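User: Could you walk me through how some labels in this model are assigned? I'd like to see each value set beside its cut-off.

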Amino acid sequence: MLLNSENGPELRRVRINPEGKTMVVELDGVDISRDVSAYAVQQVAGEPAHVVLHLSAQAGMAVDGLAHVEVGLPPDPGPAAAQFLSSLDGRELERVVLARHDLLDGRPHELGRGMLRLLTEWARGEWAGWESTDAFATEPTPQCTP
């Protein structure tokens, strides 16, 4: 994999090898894994990859020369999560979880765990079989016979 220099056509050799929960990152044959906390790779067909290396807080990497520098904070997922959660119908969430036996395991707190798993699926866009119901619709009252 090649690193595209922001200063021109110079390309740098990058090797990234994810190993379970860790990763090995080499830049021009030098292992810089301990200085990297995350990475992002983007590539357009026919062009070199664009690699962004996020340095860890204890990074001791030195840079000598011109560079394009981007400083920013990771995006705050809070507002997007709040908007997503506020758009859901709690009754529908409960109904779908109780109807899906793969989400229930019989252990304590299974409903809560099932809801969290289902919300994760929905947040990823895995909406198969889910249809929104009218938030004001009432469920039929069960009839009891004496």
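User: Thanks! What makes R117 count as partly exposed?

Analyst: R117 has 43% relative accessibility, and partly exposed is the range between buried (under 20% relative accessible area) and exposed (over 50%), with a 1.4 Å probe and protein chains only. So R117 counts as partly exposed. Before we go on: this is a predicted model, where local features need pLDDT of at least 70 and side-chain atom pairs count only at pLDDT 80 or more, while totals for chains, interfaces and linings use all residues. Residues are numbered from 1 along each chain as its sequence is written, and side-chain values use heavy atoms, leaving out hydrogens and water.

User: Why is the contact between D102 and R117 called a salt bridge?

Analyst: A salt bridge is a side-chain nitrogen of Lys or Arg within 4 Å of a carboxyl oxygen of Asp or Glu. The N to O distance for D102 and R117 is 3.8 Å, so the pair qualifies. It ties together parts that are 15 residues apart in sequence, because D102 lies in the loop between α2 and α3 and R117 in helix α3 (helices are DSSP runs of H or I, at least four residues, numbered from the N terminus).

User: What makes E121 buried?

Analyst: The relative accessible area of E121 is 12%, which falls under the cut-off for buried. E121 also forms a salt bridge with R117, at 3.9 Å between the closest N and O atoms. Through shared partners, salt bridges join R100, D102, R117 and E121 into one network.

User: How do you know that D89 has no salt bridge?

Analyst: The nearest side chain of opposite charge, R91, is 4.2 Å away from D89, which is beyond the salt-bridge limit.

Note on methods. Lys, Arg positive; Asp, Glu negative; His and termini not counted. Helix = DSSP H or I, 4+ residues; strand = E, 2+ residues; numbered from the N terminus.
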